[in-house]
Amino acid sequence: MGRAVTVATCALNQWALDFEGNLERIFRSIDIAKSKGARYRLGPELEICGYGCSDHYYESDTLLHSFQVLEKLLESPATQDIICDVGMPVLHRNVRYNCRVIFLNKKILLIRPKISLANGGNYRELRWFTPWSKARHVEEYFLPRIIQEVTGQETVPFGDAVLATKDTCLGAEICEELWAPNSPHIEMGLDGVEIFTNSSGSHHVLRKAHARVDLVNSATAKNGGIYILANQKGCDGDRLYYDGCAMISMNGETVAQGSQFSLDDVEVLVATLDLEDVRSYRAEISSRNLAASKVNPYPRVKVNFALSCPDDVAVPTCIPIQWRHHSPEEEISLGPACWLWDYLRRSKQAGFLLPLSGGIDSSATACIVYSMCHQVCLAVKNGNADVLADARRIVNDETYIPEDPREFCKRVFTTCYMASENSSQDTCDRAKLLAEQIGSYHINLNIDTAVKAVVGIFSVVTGRTPRFSVYGGSSRESLALQNVQARIRMVLAYLFAQLTLWARGMPGGLLVLGSANVDESLRGYLTKYDCSSADINPIGGISKTDLKNFIQYCIENFQLTALRSIMSAPPTAELEPLVDGQVAQTDETDMGMTYAELSVYGKLRKIAKAGPYSMFCKLISMWKEICTPREVASKVKHFFRMYSVNRHKMTTLTPSYHAENYSPDDNRFDLRPFLYNTSWSWQFRCIDKQVNAL
């Protein structure tokens with residue numbers, strides 16, 4: 001009868017413009033899908049060229065090379081007897097579209113352009129693509145000659161259509177269309193489409209995975225059907241980490257779950273499902289059936305192929321499973337670690353260097369690198385040949401096998417404590433102990449000689465010697481002296497990153513890691529071109545609150561006892577002189593606000609789209625038990641003054657792992673001026689008027 005269909009979806013670690021590598025990973029996914037009996041294979045969005053090509057989409061080369069890869073796929077025996085659904089950009093009548101190209105046995109069945117483009121947050125699809133606005137309309141697409149020679153087709157259907165096989169009907173969605181209020185799967189389901197597919201380029205954000213899973217399951221809960229989702233995974237060239245989570249759902253329940261974080265470049269999920277379960281589920285939903293009787297039908301592309309076998313009564317089918325979500329602490333441990341591994345191996349560097357201060361932020365960064373080493377050793381233990389080959393190339397040893405995370409950490413991770421006369425012995429000891437426990441190659445050095453030399457140049461030129469405020473200097477002098485220390489640390493970090501391995505008789509250079517958290521960036525509590533200036537920053541999108549919880553997670557899961565004293569110590573920059581040998585400077589006192597308050601300000605400013613007045617109005621309600629309206633007004637004004645004064649620092653912010661939706665990253669995510677009228681006179685006057693009324 002043909003009831004049991006076997007379908008495959010995948011998560012691929014594609015890389016922008018890596019056409020050769022992308023093709024190889026697509027072939028591997030098809031081979032795995034076929035070996036498991038699948039008759040349909042779905043891949044991620046724009047998988048042929050890689051999702052993150054950005055302005056390279058404007059280049060005709062990107063289109064040309066995408067078609068060249070498609071040619072290789074079409075002519076290969078590996079793609080025979082399986083419907084392959086791949087993603088690439090296509091130029092139709094001089095308009096560029098984000099498309100799915102669906103083919104079978106050297107024939108293109110349909111090119112389906114994306115209808116709803118992602119254009120918020122980190123996404124800029126409307127910059128490069130045009131949405132297909134002709135609902136249920138199909139046009140002729142004239143194929144390039146290199147494709148015509150393989151397929152024997154001059155034109156193929158292009159537009160909003162569905163595939164009708166001998167046993168079922170399939171309809172495609174592309175990423176954002178699942179999130180749209182009028183998702184195509186609604187109308188397609190009413191028109192008899194039984195299998196919905198979604199190729200995504202969806203990136204990781206803390207606590208986001210459940211939303212994607214819920215959307216997929218709800219898509220078929222009301223309407224019945226099978227929903228297959230593929231997603232990109234890994235770092236494909238920028239700040240985002242695409243977090244896999246390929247899945248298959250039927251009638252509102254998950255039947256197959258892919259990993260959210262792993263070092264596997266290719267992950268394939270295969271499920272066998274009974275079409276009769278979809279039909280019987282739909283049969284008793286009378287409201288659905290009434291709506292279906294009035295639906296405007298989709299154009300159907302007939303396919304002389306079946307996803308099932310004629311005699312499949314005894315074929316076992318998949319049953320629902322419970323989705324397992326990671327805790328936020330697990331997400332921080334795994335997501336940035338996988339991102340760092342991709343960046344390290346693809347940049348062809350020999351490891352990382354981190355200025356380790358003994359505080360929470362740099363310690364959290366060190367723990368993420370240690371987690372990366374754990375993931376590498378685990379992947380090698382599980383037989384991942386790609387990871388083993390990358391590890392051997394990074395350490396320059398063709399016989400090496402990473403088995404112990406601490407030993408691997410020693411080879412790829414250098415930590416450096418840069419002391420000054422303002423540093424305490426406590427932070428030095430904490431950094432040293434943590435380095436010992438994670439196994440990093442640790443360096444202790446003192447920067448006082450360099451600081452005095454730089455200040456000395458200023459004194460020779462001007463005849464004036466600046467002093468810290470505790471010694472009678474002005475706040476300007478004190479801040480300048482603090483900045484000199486911070487900036488010299490950045491210069492030394494890059495010097496040691498370039499030459500430490502040379503001094504040890506080893507090849508290669510090191511990537512410098514930054515460790516400014518998202519709250520400090522938002523407030524501007526960092527020195528421009530200090531150690532926050534690095535090659536990449538794995539915690540730049542994570543809040544101080546989440547980092548503290550992550551540190552506790554590392555204490556419990558990695559047995560890093562050195563973190564206990566780091567957790568209990570108040571955060572400090574250690575740039576001002578000690579008082580009686582003890583640290584007198586603390587971050588929250590310097591900032592004039594707590595990290596908890598900063599997180600609230602950040603979420604209201606970015607996620608709730610609140611300016612000064614709206615933020616004040618929200619906070620007088622949120623904080624009514626702890627603050628008077630006048631106190632709230634003072635806090636809001638102080639935040640916006642500091643935010644706007646320091647906004648220019650975001651233009652040079654180190655590329656950071658994107659994990660939080662209130663990130664102030666100026667490059668792509670949070671587009672704001674960097675020269676403000678910092679008095680906010682009109683806005684603050686509105687607040688004052690409201691305070692007086694209250």
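At what angle do helix α22 (residues 612-622) and α23 pack, and how far apart are their axes?

Modeller: Happy to! This is a predicted model, in which local features need pLDDT of at least 70 and side-chain atom pairs count only at pLDDT 80 or more, while totals for chains, interfaces and linings use all residues. Residues are numbered from 1 along each chain as its sequence is written, and side-chain values use heavy atoms, without hydrogens or water.

Helix α22 and helix α23 pack at about 140 degrees, and their axes are 9 Å apart (axes are lines fitted to C-alpha atoms over the stretch in contact, with angles from 0 to 180 degrees between N-to-C directions; helices are DSSP runs of H or I, at least four residues, numbered from the N terminus). That angle makes α22 oblique to α23 (under 35 degrees is roughly parallel, over 145 roughly antiparallel, 65 to 115 roughly perpendicular, the rest oblique). The two helices cross in a right-handed way (the near helix is turned clockwise from the far one by less than a right angle).

On the α22 side, Pro612, Met615, Phe616, Leu619 and Ile620 are in contact with Pro629, Val632, Ala633, Val636, Phe639 and Phe640 of α23 (contact means heavy atoms within 4.5 Å). This contact has 11 nonpolar residues, with no polar and no charged ones (Ala, Val, Leu, Ile, Met, Phe, Trp, Tyr, Cys and Pro are nonpolar, Asp, Glu, Lys and Arg charged, the others, including Gly, polar).

Helix α23 (residues 629-646) also packs with helix α24 (residues 681-693), at about 170 degrees and with axes 10 Å apart. These two are therefore roughly antiparallel. Pro629, Arg630, Ala633, Val636, Lys637, Phe640 and Arg641 of α23 meet Phe684, Ile687, Asp688, Val691 and Asn692 of α24. Here the tally is seven nonpolar, one polar and four charged residues.

Now for the wider setting. The chain is divided into domain 1 (4-302), domain 2 (328-447 + 492-578) and domain 3 (592-693), with bounds from an automatic or database domain assignment. Domain 2 and domain 3 have C-alpha centres 30 Å apart, and their contact takes 29 residues from domain 2 and 26 residues from domain 3. Together they bury about 2300 Å², 62% of it on carbon and sulfur atoms (buried area is the accessible area, with a 1.4 Å probe, that two parts lose on being put together, summed over both). Leu522, Arg523 and Lys528 provide 33% of what domain 2 buries against domain 3, more than any other three residues.
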